[in-house]
Amino acid sequence: MADDAPDPAELARRHVRDAHAETVEAVLDCADSVADSWDGPATSDPGEVAGPLRAELDVRDAWARLPDVLAGAVRAAGFSLPASPVAAPPYVAATSRGPVLRATVPEGRLVLVVRAFAVERDPTRYVRGPWSAREAVCATFK
């Protein structure tokens, strides 16, 4: 990639944030519901994070939209996928931080995370993460 070429990760992040704001907001709303189910502002049990988030995303039909989010981000970054992504690994996974979307293209690997939760250390506990779509969408390309 030339020094003056646009950063694929930034192009993908902006695309997700702008073109898929409704889906990102749905993820954050689902994260609110998950966090509301905890006994306090945090949980030390990872089983109270990723699984419940995945279930909430299913109930609100947001999980099924994530492959389209990934495909759009890949196109916005200037790449194409050899196959259509599906709402399952390796393309889409629920984690303790939020949904992770992955695409491997010949030029590298694009990873998008909607950071719905944060992990605090000492002791390890999960807390509700960024509140806005602008802060929640993270992308890397390597």
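Reader: Leaving aside its neighbours within four places in sequence, what is Arg-17 in contact with?
Author: Arg-17 is in contact with Ala-133 and Arg-134 once those sequence neighbours are set aside. Keep in mind that this is a predicted model.

Reader: Where is the place of Arg-17?
Author: Arg-17 sits in helix α1.

Reader: Buried or exposed, and why does Arg-17 count that way?
Author: Arg-17 counts as buried because its relative accessibility is 13%, and the cut-off for buried is under 20%.

Reader: Which residues in α1 are buried?
Author: Arg-17 belongs to a set in α1 with Pro-8, Ala-9, Ala-12, Arg-13 and Val-16, and these are buried. They lie on the same side of α1, because the arc they cover around the axis is only 160 degrees.

Reader: What covers the buried residues of α1?
Author: The cover includes α2 (21-36), α4 (66-76) and α5 (133-136), along with the strands β4 (108-114) and β7 (137-141).

Reader: And which exposed residues are on the face turned away?
Author: Asp-18 and Ala-19 are carried there, on the face of α1 turned away from its buried side.

Reader: New topic. In what order do the 3 strands of the open sheet come?
Author: The order is β1-β6-β5, with antiparallel pairing. The edge strands, each pairing on one side only, are β1 (42-43) and β5 (117-120).

Reader: How many bridges are there between β1 and β6?
Author: β1 and β6 (residues 125-128) pair over 2 bridges. Thr-43 stands opposite Tyr-126 in β6.

Reader: Which strands does α2 touch where it packs on the sheet?
Author: α2 touches β5 and β6, and its direction makes about 130 degrees with that of β6.

Technical notes
Residues are numbered from 1 along each chain as its sequence is written. This is a predicted model: local features need pLDDT of at least 70, side-chain atom pairs count only at pLDDT 80 or more; totals for chains, interfaces and linings use all residues. Side-chain values use heavy atoms; hydrogens and water are left out. Buried means under 20% relative accessible area, exposed over 50%, partly exposed in between (1.4 Å probe, protein chains only). Helices (H or I, at least four residues) and strands (E, at least two) are DSSP runs, numbered from the N terminus. The arc is that of the directions from the helix axis to the C-beta atoms. Contact means heavy atoms within 4.5 Å. Two strands pair if DSSP finds at least two bridges between them. Axes are lines fitted to C-alpha atoms, for helices over the stretch in contact, and angles run from 0 to 180 degrees between N-to-C directions.
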